Amino acid sequence: MSLQEFIQQLLNGLSLGSLYALVAIGYTMVYGILRLINFAHGDIFMVGAYIAFYLVGVFYLPWWLSLPLTLLLTAGVGVLIDRVAYRPLRNEPRISLLITAVGVSFLLENLGLVTVGARQKGFPVPGMMASPVRILGAQVGGVSIWVPLISLAFLLLLLWVIYRTKAGMAMRAVSRDIEATRLMGADVDRIIAFTFAIGSALAAAGGILWSFKYPQINPLMGIYPGWKAFTAAVVGGIGNPTGAMIGGVLIGLVEVLTVAFFPTLSGYRDAFVFSILILFLLLRPTGLLGEPLKEKV
Amino acid sequence: MEPNGGQPLLSLRNVTMQFGGLTALDDFSLELAPGELLGLIGPNGAGKTTVFNVITGQFAPTRGRILFQGRDITGWRPDRVTAAGIARTFQNIRLFGGLSVLENVLVAYHVRLRSGVLGAIFRSRLYRREEEQMRREGMALLERVGLAEVAREEAHGLPYGQQRRLEIARALATHPRLLLLDEPAAGMNPEETRQLMGFIQHIRREFQLTILLIEHDMQLVMGICERIRVLDYGQSIAEGTPEQIQRNPRVIQAYLGQAEADEEGQGARHDVAG
Amino acid sequence: MKSIYKTGLTLAGLALLFLLIGWANGHLNEYYSRVLNTAAIYIVAAVSYNLINGVAGQFSLGPNGFMAIGAYVTTLLILPVSQKQAVWFLQPLVWPLRAYSLPLWLFPVALLAGGAAAALGAFLIGIPALRLRGDYLAIATFGFGEIIFVLANNIIPLTNGPLGIKGIPNLPYLLWVTWGCAVLTVLAVTSLVNSSFGRALKAIREDEVAAEAMGVALFRHKMLALVVSGFFGGIAGGLLAFLVSTISPSAFTFFMTFTLLIIIVLGGLGSTTGAVVTAVIYTVLQELLRVVESPLDLGPVHIPGISGMRMVVISALLIAVMLFYRRGLFGGREFSWDWLWQKWTKRKGTSWNQTAASRS
């Protein structure tokens, strides 16, 4: 493999990884607060891509308007799902919540199949993403540069929200001790809704950037990116946003570089990621940055 | 009963339990003679339940050894500790709520079942005999603890006092030599507590038990324990007869800080438990 | 009610079932026998899935993996050698399988081998996964199902990859086989659940810490439930292969698990009889819902069929059940003759709870 190819693959892995990171944030924040694996999160990513597709490709709105609008609408979808399907089950066993989340996931996928159809749709990719860029003497696609950069901007924005704003502080308080926060008079349901909004908006951003990279979208497109992002969240230490980012980049790099170095194994790339997931659950369930969870006896 | 000289039934030797940076139990040692009834008291968060959790294998201690009938059981899995002859109850009642009262007790007999899975599925003669034996024993046990009339009812539907009683009965069904009771009187009114005292003394005699008891209710502790050990911040601060403990200045000091909080907490605890 | 009557009633029920199958075997067209066969296979799969999820309370999401293993192993053993040569035209099938197959009349051996292989798979995934609790277990088993799917797609010398395997021979009297398996599965699982082992499993479901403190070896019992569940899941997969005569990895995606999950949730998690009843209801419902997917002509109004609408309805149904009727049809309890008897004798004033508490 030449150096140029290697750089290309590295950037490729980095951009894929940053997308996983964006999606992993939603998993990790919801898990941190509700201890729920939001099965439907990968499908919210798909919803985001479709909303952008319709705004830009069908209604011909400019990107500077479509992007915030997509994030807003997808955030609304996330909040709605929480309100309708998850909130009524707050005090029920967590397994009930998980089953419901599986149901929501299938509902979104099949609603997608029914409303927009199973056929792939070509995503409108802005010129900036399509044109190649020269970097370190290597010619790479625009997406490989812009996707990680834009993702990074979103992630920094998120860290600012979590650690520097009042809403972020409230979220951290809820994820530390939901009962204590409630006793202190905070509106826990609103904080949870806010968490779903942020997670879903980031998933939408991920969905759009993903579609720049792979500009064919379909209603089932969220399944595998969703699971890889979830793996990223586990690897990074579930419940920890910074960990999710690191985990995302790691998973992206591992996936791309494995296929680059061992092309014969490309059919197994999904199995590979799931094996990492199981290994981590087994050997280091707290992930790289997570704190151990202890059950009180 | 062999008060002195004989081999202790249980001994904890310099047991330390740390969670991350927190030391829940610090160099704690304890010996229990066969037949003894020892009370373990101390302010909230003193590490009493941790003592139970390291004995029953819920946590492996960071340092130190635990010997039961001369055998080192340090770090054993809880089910093996139970099989060896130590049973416990929980501070917050942990019954099998959806199972009937009788079934709760039968689960405790399962460990002694000799039939295999296939024997159970195909209802071999051995299995049928064992199952019948278990049910007979279970009903007899429920009779002895006064729960026979509710044997078929679901455990979570029982009144609070009976739930406590069932938890103890379930522990007895494992045929323990040592019984660990974690705040059995929590949430009971004085009358119920008096009944419980009688009940504990009754089963102690009838099942020839050695008992280690955690309790906040001083009426109960002072009433039935021969020896009391006091914990504070994970350390032993005193040991002696009820009279000695009541006069011990360190104990009084440890509890004084708690007194106000406890008075406020009393009503609340009652609500939670009931 | 005396137990001899109950046994009698159960036997009578079984006899009635066999009479029905005997009649159905000669009288039903292909479509209806297919629906009946599917119902029986769902019973096998759902009852075994309920054992690990509902009875033992260990939330597995991997039954699709077990069914896949069962289906492939059964198929590889029973597919005639000539057909094997025709199917694996890109890469040859691995050696011993390429040259040998069981004769069709030995299909029980093939089914049992499929079940055994799936049980082995369950054992292997159980070693790591059962050390995990709750949702982590769910994720690990889900990962297992996905890994099996990926392997089935890629190990072409064994599975023929995404093209799948065609031409699995028809079994005569398939209805007898599927329903026979359904009855045996229900009997075996019920017997296990009602034994001391079953009580231990339920204790684990109710409170793991307390169960362990009562001497129940957690890992061993969870493994028991998972392996038995995997075994019957494998049988269900093998039966499915005989029914559809073509298998490919896409038949065993997470969608299969989702279907089984709906069945056991609708039936009331933990209730074997609930799983049986809803397995049948689900199969029928699935057929009835074809209406919403087929075009509809109401005189002048023409509504085109929307494919996928069935799944929308079914997923919405699952969510609705979780939100409004969590106990499911049977609320985790079992149908029993006593219950029926009491319903019959005192119609009024008996609530479900009272009868359940006093049933034997």
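Helices (H or I, at least four residues) and strands (E, at least two) are DSSP runs, numbered from the N terminus. The model is predicted: local features need pLDDT of at least 70, side-chain atom pairs count only at pLDDT 80 or more, and totals for chains, interfaces and linings use all residues. Residues are numbered from 1 along each chain as its sequence is written, while chains are lettered from A and ligands numbered from 1 in the order in which they are written.

Start with chain B. Chain B holds 10 helices and 10 strands. Its radius of gyration, taken over C-alpha atoms, is 19 Å. The globule rule (2.2 Å times the number of residues to the power 0.38) also gives 19 Å for 274 residues, so chain B is as compact as a globular protein of that length. The C-alpha trace of chain B spans about 65 × 40 × 40 Å along its principal axes. A residue is buried if 20 or more other C-beta atoms, placed from the backbone, lie within 10 Å of its own, exposed if 12 or fewer, and partly exposed in between. Of the 274 residues in chain B, 42% are buried. Two residues are in contact if their C-beta atoms, placed from the backbone, lie within 7 Å. Among contacts in chain B with a separation of 6 or more, 68% come from residues 24 or more positions apart.

Two loops of chain B deserve a look. B:Gln208 lies between helix 7 (190-206) and strand 8 (210-214). Its phi is near 50°, a positive value in a residue other than glycine. B:Gln208 counts as exposed because it has 11 C-beta neighbours inside 10 Å. B:His175 sits in the loop between helix 6 (160-173) and strand 7 (178-182) of chain B. Phi of B:His175 is positive too, near 55°. With 17 C-beta neighbours inside 10 Å, B:His175 is partly exposed.

Now chain C. Chain C has 18 helices and 2 strands. Its radius of gyration is 21 Å, which agrees with the value near 21 Å for a compact globule of 360 residues. The C-alpha trace of chain C spans about 70 × 65 × 40 Å along its principal axes. Buried residues make up 50% of chain C. Of the contacts in chain C between residues at least 6 apart in sequence, 79% join residues at least 24 apart.

Within chain C, take helix 3 (residues 63-78) and helix 13 (residues 254-267). Their axes, lines fitted to C-alpha atoms over the stretch in contact, come within 7 Å. They cross at roughly 115°, on a scale from 0 to 180 degrees between N-to-C directions. Helix 3 of chain C contributes C:Pro63, C:Asn64 and C:Met67 to the contact, and helix 13 of chain C contributes C:Phe254, C:Met256, C:Thr257 and C:Leu260.

The core comes next. A nonpolar core is a set of buried Ala, Val, Leu, Ile, Met, Phe, Trp, Tyr and Cys residues joined through C-beta atoms within 7 Å. The largest has 284 residues, and C:Val44 and C:Ala46 touch the most other members. Helix 1 (residues 3-34) of chain A supplies the largest share of this core, 16 residues. Beyond neighbours within four places in sequence, the contacts of C:Val44 include C:Cys181, C:Phe232 and C:Leu239.

Last, the meeting of chains A and C. The contact takes 32 residues from chain A and 33 residues from chain C. On the side of chain A, helix 4 (94-116) and helix 12 (269-283) are the elements that give two or more residues. Helix 4 of chain A gives the largest share, 15 residues.
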